[in-house]
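Here is a short report on one structure. Keep the sequence beside you as you read.

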Amino acid sequence: MYPTLSVSDIAAGKYEPGAELRLTGWLYQKRSSGKLAFLQLRDGSGTIQCVVSKKEVPEASWAAAENAPQESSIAVTGILAKDNRSQLGYELQARTIELIQGEAGYPIQPKEHGVGFLQEQRHLWLRSSRQRAILNVRHTIIKAIRDYFDERGFTLVDAPILTPAACEGTSTLFEVPYFDLGKAFLTQSGQLYGEAAAMAVGKAYVFGPTFRAEKSKTRRHLTEFWMVEPEVAFMDLDGDMDLAEDFLCEIVKRVLAKHENELKTVLERDVEALKKVQKPFPRITYTEAVETIAKTGHPIKWGDDLGGDEETILCKSFDRPVMVHRYPSDMKAFYFKKDPNDPKVALGVDVLAPEGYGEIIGGGQREEDYATLKAGIEKHNLPLEAFGWYLDLRKYGSVPHAGFGLGVERTVSWICGLHHVRETIPFPRMMERLTP
Ligand code: 4AD
Ligand code: MG
């Protein structure tokens, strides 16, 4: 059996009032007067009110309606009727109710629960309207990402998850025992493989889970997160910024087109702020960023990293994402190309989301010269033997190229207006959380 009927079909007007329908789902909420019961049936696509009149249904159905506990699975047949008071516009006048399975004592009640408790109940918490809205927006964001690149001639290339070496610094590597070869590391970024792919197909994107053994318990850090990483041959830093800007505008546009109402009503997101995400985004150098932050009285000097606090200060002064480029080379990974006009800085860019959300994209132009790149690997004390293949890309037809990585969870957090990334992914992995 495949469930062919859904509440979303009813919402879309696929059925006429008077039609007899059978719906299956879960009992979201219920109230009863002893003669009339109102069951909110949730089927995943939406929620419909089922009105049960004691004198009009078989005794067993009335008993089922009276006894079905919160979140039990139920099947209801009934006659579709217009109901202009409900958001859906319809209700079901029940004829039969069947309790499929259920037990009293559903742990999540309609009251305030602590976040720790909800996290522990994540497998059930996902059923709440707010979490469902987030899952749906996340889905749309991922679909928008894939469509964006697919429609522009990019090829999706899957990078390995087990890797022999670091891409983003050795301090956040997860180690895994690996047979006779000793150890492997969970990937921090698919970029290096994306670069190889770009030399094969011109425009590539890697999209998958990435891992960082981050010892930070901030609202922006997960140990496992999803990243999309486009990489383009013959693209420079300016092209990279053009791409990032266009890409973000399209994602926000798609989410607004599909979820404006859900964002406003369920997530209480200020959608007007999202509508300001229009080209062009301001582009400032790291040096200008440091000056801007220093002017607010916050202690910072050239060469300091822009941490969460600094990013928050900076992005609050713009109403749309801001692109900060040309960070000090010493702060950046080994693969960045230095600015030929000022080798103190690297041709990298971070895109910071507005309203205090901070970095959602990191990327830049890659070093394409063999000897310079090799020296960079050595300077960072990385094992040269693990990068032989990567250096080959600079031996056989090396070209200027660039790309970036967008963190899916930070993007979901910003677009949904959430306080913490833990609600942006179905089952978050953090330093202190591995369950459920
Ligand atoms: O800035 P990052 O470290 O850049 C890279 O990994 C590059 N290799 C990407 C590339 O050029 N292909 O990470 C990119 C993005 C960040 O901007 C952020 O959105 C996200 O990945 N990110 C995290 N998200 C959640 N938790 C973490 N611990 C994250 N670390 C990075
Ligand atoms: Mg970064």
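The report below goes from conventions to cores, strands, the ligand and single residues.

## Ground rules

This is a predicted model, in which local features need pLDDT of at least 70, side-chain atom pairs count only at pLDDT 80 or more, and totals for chains, interfaces and linings use all residues. Residues are numbered from 1 along each chain as its sequence is written, chains are lettered from A and ligands numbered from 1 in the order in which they are written, and side-chain values use heavy atoms, leaving out hydrogens and water.

Buried means under 20% relative accessible area, exposed means over 50%, and partly exposed lies in between (1.4 Å probe, protein chains only). Contact means heavy atoms within 4.5 Å. Helices (H or I, at least four residues) and strands (E, at least two) are DSSP runs, numbered from the N terminus.

## The nonpolar cores

A nonpolar core is a set of buried Ala, Val, Leu, Ile, Met, Phe, Trp, Tyr and Cys residues joined through side-chain atoms within 4.5 Å. In soluble globular proteins, nonpolar side chains tend to be buried together. The largest core here has 48 residues. Ile145, Phe247, Ile251, Leu406, Trp414 and Ile415 touch the most other members. Helix H7 (residues 237-265) supplies the largest share of this core, 12 residues. Apart from it lies another core, of 25 residues, among them Leu21, Ala37, Leu41 and Ile48.

Take Leu406. Beyond its neighbours within four places in sequence, Leu406 has contacts that include Ile145, Phe247 and Ile251. Trp226, Met227 and Val228 are also among the contacts of Leu406.

Two strands pair if DSSP finds at least two bridges between them. Strand S1 (residues 20-32) runs antiparallel to strand S4 (residues 73-82), joined by 7 bridges. Glu20 stands opposite Ile79 in S4, and Gly25 has Ile74 as its bridge partner there. S1 also pairs with strand S2 (residues 36-42), in the antiparallel sense, over 6 bridges. Trp26 is partnered by Arg42 in S2. The hairpin of S1 and S2 has 3 residues between the strands, and Gly34 takes a positive phi near 100° in it.

S4 pairs with strand S5 (residues 90-101) as well, antiparallel, over 10 bridges. In this pair, Ile74 stands opposite Leu99. Is S4 buried or exposed? Of its 10 residues, 9 are buried, so S4 is largely enclosed by the rest of the structure.

Three strands form an open sheet in the order S7-S9-S8, with antiparallel pairing. Strand S7 (162-163) and strand S8 (175-178) stand at the edges, each with a single partner strand, so one side of each has no neighbour in the sheet. S8 pairs with strand S9 (residues 182-186) over 4 bridges. Glu175 has Phe185 in S9 as its bridge partner.

## Around ligand 1

Which residues are closest to ligand 1? They are Glu168, Gln191, Glu229, Glu359 and Ile360, out of 22 residues that surround it. A residue counts as near when one of its heavy atoms lies within 4 Å.

A nitrogen atom of ligand 1 is 2.7 Å from an N or O atom in the side chain of Glu229. Taken alone, ligand 1 exposes 630 Å², and the protein buries 94% of that. Such areas come from the Shrake-Rupley method with a 1.4 Å probe; for residues, only the protein chains shown count as cover.

## Helix H6

Helix H6 covers residues 191-201, and its buried residues include Gln191, Leu192 and Gly194. The buried residues of H6 pack against strand S10 (203-211), strand S11 (224-233), helix H12 (388-392) and strand S18 (401-407). Just after H6, Gly202 takes a positive phi of about 85°.

## Two single residues

Ile293 lies in helix H9 (residues 286-295). Why does Ile293 count as buried? Its relative accessibility is 1%. Beyond its sequence neighbours within four places, Ile293 is in contact with residues including His298, Ile300 and Leu306.

Lys337 sits in the loop between strand S13 (322-325) and strand S14 (338-339). Lys337 is buried too, with a relative accessible area of 16%.

Technical notes:
Polar contact = N/O pair within 3.5 Å; in protein donor to acceptor, adjacent residues only side chain to side chain.
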